[in-house]
Amino acid sequence: MNGRKQGSRRWARMFVIGLVAIAAACGSSSKAATSTTTTAAAGRTTTPTSAFTPADTPVGRGVTATTIKVGVALVDFDCIKQFVNSIRVDQQAVYQAYIDNVNKNGGIAGRKIVPVYHTFCPIGTSGTVTLCTQFAQDDKVFAVIGNFTDSTNDGASQECLAKTQNTVLITYLTETQMALSPGGMILCPCSAPERQDKALLSLIKAAGTLDGKKIAVLASSSSQTAVKKIITPGLKALGVKTGTTAFLNVSGSDTTAAQAQLESFLERWKSEGVNALWIAGENVASQQFVEKVKKSMPNVTLLTDVADSLSFAQQEVTAKVSPNPYDGLQIAGTYLPTDYVKSANWKYCAAIYKAQTGKTAPDAFTVIPGPDGKTIDTYGSINDACQIISLFHDVATRVGAHLNTANWVGVVNSYGDIANRGGGPFASLHTGKYDFDDTFQLQEYDPSIAPTGNWKALSPYQDIKN
């Protein structure tokens, strides 16, 4: 994980790309469910989208008159450190700092959070499948928060928790994965790739990025839903000429077949006059595919929904690859670290960390050397914990005394604007929208930004809810 990534993408997500790639917030108000609350840290008023009054019903599993039991899932970096450049240490202590802050400031409707911590290896599904039953049946938690994802990227373990075990889950997923479970049971403190696609369509329309161009789509097979439901119809609505769509079957470390598929499509795109390419899905955004694209089509304009393309692009700088194949890659980016570290949200999170630990919070540009040449991503740990604990606190506080999953879902579906402590000024939740980051900006990768390149702004930040 790279501490200089975009504001809302500082988390450990496990995917199979070659071998393995790591893609890489707590008020104390107790207002009623229909209240309006001014969120100073976000500079925005949070207003419910519709009135919802939690029913006078029994509390849920893991909830007592004085406590709420919450599972915290943490990635075991020892099992993946050979695949990553940065690691996280003391994750439990960081989460505990933000939980202690909630508990010391009145808790949630008078209840203290009681955390249950478990670490897991995200390679394969065994770790998350085990945690599903352990958290729900053994620990009997009301909710699970943290990095509850694995390398399969199929959403089955998350469905186990949120659907089969009726357990609230806050973690980092796609809209497709969240849709496997009842609406409102899974929240993502992020902008899901599908919504990044929608935002990118809006931003490039305003910028005229594709004026006079012909664009094709390069996608992993796992991104077919987003391509067919969002990207292809969106490009058609823009009136852009399109070439053939390529779905590559990328599975495991052997990409021989996918590489052969891509070579065939490259020849087809050149014959079709394609001069722009939309890259959809983490697998096909990795160097082996992008390098091949730019070698065959050096002047092609690249767009993507993969925020973690940044890490691939920066690796090209480190490897002294020139020209950098990611140079000029455009994305619907979220809050840039240079803006976030000056924001009220970061000051809020940093102040809590300082108060609870006595340590100064390292910001996005602080490099902490670790063992074996790795860097330590304390900044990412802080933002995940601050953002996730804040989101859980704000929703549960609005539910109030009768905290159960039915009331939780009702509040989520009617919440409206909400603070995003780990990101930009715009965020919201409502029926059918369960990833909450709404702050988007058209950005492109510039390899000349020291030390290893970064996103640069092409437009102002915009509030894009849908």
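## K465 and D417

K465 is partly exposed at 30% relative accessibility, a class that lies between buried (under 20% relative accessible area) and exposed (over 50%), computed with a 1.4 Å probe on protein chains only. D417, by contrast, is buried, with a relative accessible area of 16%. K465 forms a salt bridge with D417, a term that stands for a side-chain nitrogen of Lys or Arg within 4 Å of a carboxyl oxygen of Asp or Glu, and the closest N and O atoms of the pair are 3.6 Å apart. The pair links distant parts of the chain, 48 residues apart, with K465 in the segment after β22 (462-463) and D417 in strand β18 (residues 416-417); helices (H or I, at least four residues) and strands (E, at least two) are DSSP runs, numbered from the N terminus.

## Basis of the values

This is a predicted model, in which local features need pLDDT of at least 70 and side-chain atom pairs count only at pLDDT 80 or more, while totals for chains, interfaces and linings use all residues. Residues are numbered from 1 along each chain as its sequence is written, and side-chain values use heavy atoms, with hydrogens and water left out.

## R195 and D438

The structure holds 12 salt bridges, and one of them joins R195 to D438, with the closest N and O atoms 2.9 Å apart. R195 belongs to helix α5 (residues 193-207), whereas D438 sits in the loop between β19 (428-429) and β20 (439-446), 243 residues apart. R195 is buried at a relative accessible area of 2%, and D438 is buried at 0%.
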